[in-house]
Amino acid sequence: MSDPSSYDVTILGGGLAGLTCALHCLKESPDAKIAILEKRRHPVPEATHKVGESSVEVGATYFRKFLDLEDHLENEQIPKMGLRLFLGSGDNSTIEDRLEVGGTDFPPTPSYQFDRGRFENYLGERCRSMGVEFIESASVKNVALGKGRKPHLISFEREGAESTLASRWVVDASGRAAILKRKLGLKKESSHRANSAWIRIGTRIKVDDWCDDAGWQEGFTEDHPRWQSTNHLLGEGYWIWIIPLSSGSTSIGIVADEKLHDLGDFNSQEKMLSWLEAHEPQLAGAIREHEPAIQDFCAIKRYSMECRQLFSGNRWGIVGDAGNFIDPFYSPGNDFIALGNFLVCELIKRDLKGKSNLVRVPLYNRVFKLFYGGTELIFKDNYPLFGNHQVMPVKILWDWMVYWTIPGHIVIQERVADPMTYVRHLSSLKRLNDLNRWMQAHFRRWHEAVPSWETRGTIDTSKVCLVMESNRALLDELDARGFGDRFVKNVAQMETLFWEIADHSGIAMEGPIKRRDHPGAVKNGFRDVLEISGRRPGQGAAEISSPSSGENPEVPAVQA
């Protein structure tokens, strides 16, 4: 398009999804003319009040490797020492009495804690330096979608003046404003109903400081502290996040199932602090000590949301929270940004080259729905389990393995937009999804059938070899044959774990899953985890004190 106000791609929203979409699009289509319309003025304040301050392996690898942001992530953000969870104990006044699940070392595949303001400011400058037209303080008023070869017309207001630009493609990355979803009537109610409230506080809140016992501190150092993890405090129907930000602030949030905890009990700053005093007194005390340093407060009712369609043959797409958001537990938001960007930028690249997307548009909508549905299984109806000492540690590690086995394997290997991935590996993908679906239902039956009792101790995930090897395997660079072989091995390993967990629970497995033996899979890979979660009161605290890799440690969890 020769008109200076015309673009190949216009992105609505200059937050994390929109900025990374622009960078991704430029990598795939270097000659594309791209504009971003962002309602805020840049640079934004650090510790910007947004969900999505913690990353996990898929999103982190996408930012670090595919978008080449490693220098910024390593030097300006906080490397994350994995996920750490503390299950409840009594009145939760002594953290050393809680069952802890987390590592004493950084996982092999890096992830990061994000100061969203700092990150988005950096991304904004990077987009500008690469030729993206970044139009800030711009409020989108209307999007008139063109048909056929006609461009889309986007009207916006900036500093009191109205303007219109034309664009071949429009990508909605406007977050919860959801411009296209609202305009096109694509909103879909989510059946997962939970609420959240959170604050930023201008100091470092460290769980490391909550106990001076030398035994509890063993294994941790200044270079490997607990506070660099995404720390979670768990109870029945709720969890708390504690996330350090590189600006020096700490993000603290409550997430709770509305059936068990009413949002009205913590929907203001003072109510939130009072709720924490009742449920998590150690955290409440740390906040009260620095209460004047609280920077902001926000609450969201029923944060889960869905979108009926994300990609169209009429040259539009929706990425990030403008489309779908399921749950902040396990921090999957950045993963879905990566997934959406891979799919929409492939459509844009092909269209700009004159290639047809007739087959890919419906396929990509189904692919996204498949990934989203698999993630939804992990959360839906499962919040009551969060206080169960017998079920929850096992579920956590199962969920990690599912995550690395399915979306991690496909997205990190950059094969998510390749249709042949789904043609060649459909049976493996279906088998993995079936295993996860029935295991999540089994966790609920286990929780309901067996009374929970409190267990003290530490499950040091750094010493569970199956878990660490599966995490490390995400770093492998695989050719097409290696990718396929890995999928087969992943299925074998997950089936082996599936039956070991089912047998340990003592609850009959309900579902059409036939038992199959896989001689090459690691046996008893969760042995110590199952043993600790099953310890009865009076047996004392327990821990995984040496590497555990099952009966056949010479066979790694996965092989290239």
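**Burial, to begin with.** I call a residue buried under 20% relative accessible area, exposed over 50%, and partly exposed in between, using a 1.4 Å probe and protein chains only. Arg-424 comes out exposed, because its relative accessible area is 55%. It is part of helix α12, residues 419-424. My helices (H or I, at least four residues) and strands (E, at least two) are DSSP runs, numbered from the N terminus. I also checked Arg-424 against Val-143: they are 281 residues apart in sequence and 39 Å apart in space, C-alpha to C-alpha.

**What I am working from.** This is a predicted model, so I kept to pLDDT of at least 70 for local features and 80 or more for side-chain atom pairs, while totals for chains, interfaces and linings use all residues. Residue numbers run from 1 along each chain as its sequence is written, and side-chain values use heavy atoms, with hydrogens and water left out.

**Gly-131.** I found Gly-131 in the loop between α4 (116-129) and β7 (133-135). Buried or exposed, I wondered about Gly-131? It is exposed, because its relative accessible area is 61%.

Most residues other than glycine have a negative phi, and most peptide bonds are trans. I noted these entries:

- Asp-68 has a positive phi, near 60°. It sits in the loop between α2 and α3 (70-76), and it counts as exposed because its relative accessible area is 52%.
- Ser-331 also has a positive phi, near 50°. Its place is the loop between β19 (316-318) and α9, and it counts as buried because its relative accessible area is 12%.
- The peptide bond from His-42 to Pro-43 is cis, with omega near 0°. Pro-43 belongs to the loop between β2 (34-37) and α2.

**Helix α15.** I took residues 480-505 as α15: 26 residues, reaching 38 Å from first C-alpha to last. That is close to the expected 38 Å, where the expected span is 1.5 Å times one less than the number of residues. Of its 26 residues, 19 are buried, and I put it down as mostly covered. Just after the helix, Gly-506 takes a positive phi of about 80°.

**Aromatic rings.** How many aromatic pairs does a search of the whole structure find? I got 23. Rings of Phe, Tyr and Trp (its six-membered ring) pair if their centres lie within 6.5 Å; planes under 30 degrees apart are stacked, over 60 edge-to-face, and the rest tilted. Tyr-383 and Phe-386 make a stacked pair, 4.5 Å centre to centre with 25° between the planes, and both residues are buried. Ring pairs also link them into a cluster with Trp-198, Trp-239, Trp-241, Phe-329, Tyr-330 and Phe-379.

**Charges over rings.** My test was NZ of Lys or CZ of Arg within 6 Å of the ring centre and within 35 degrees of the ring normal. Lys-33 has its charged end over the ring of Tyr-7, 5.0 Å from the centre. Arg-226 lies over the face of Trp-216, at 3.5 Å from the ring centre.

**Cavities and pockets.** On a 1 Å grid over the protein atoms alone, a cavity is a set of points where a 1.4 Å probe fits but cannot get out; a pocket is an open set with protein on both sides within 12 Å along at least five of seven lines; lining residues have an atom within 4 Å of a point. Points are joined across faces, edges and corners, and the volume is the space filled by probe spheres set on them.

I found five cavities of 30 Å³ or more. The largest cavity has a volume of about 570 Å³ and 38 lining residues, with Tyr-330, Asp-335, Asp-399, Trp-400 and Tyr-403 nearest its centre. Which helix gives the largest share of that lining? It is α11, with eight residues.

The largest pocket has a volume of about 1,000 Å³. Its lining has 48 residues, and Lys-50, Arg-116, Gly-175, Arg-176 and Asp-321 lie nearest the centre.
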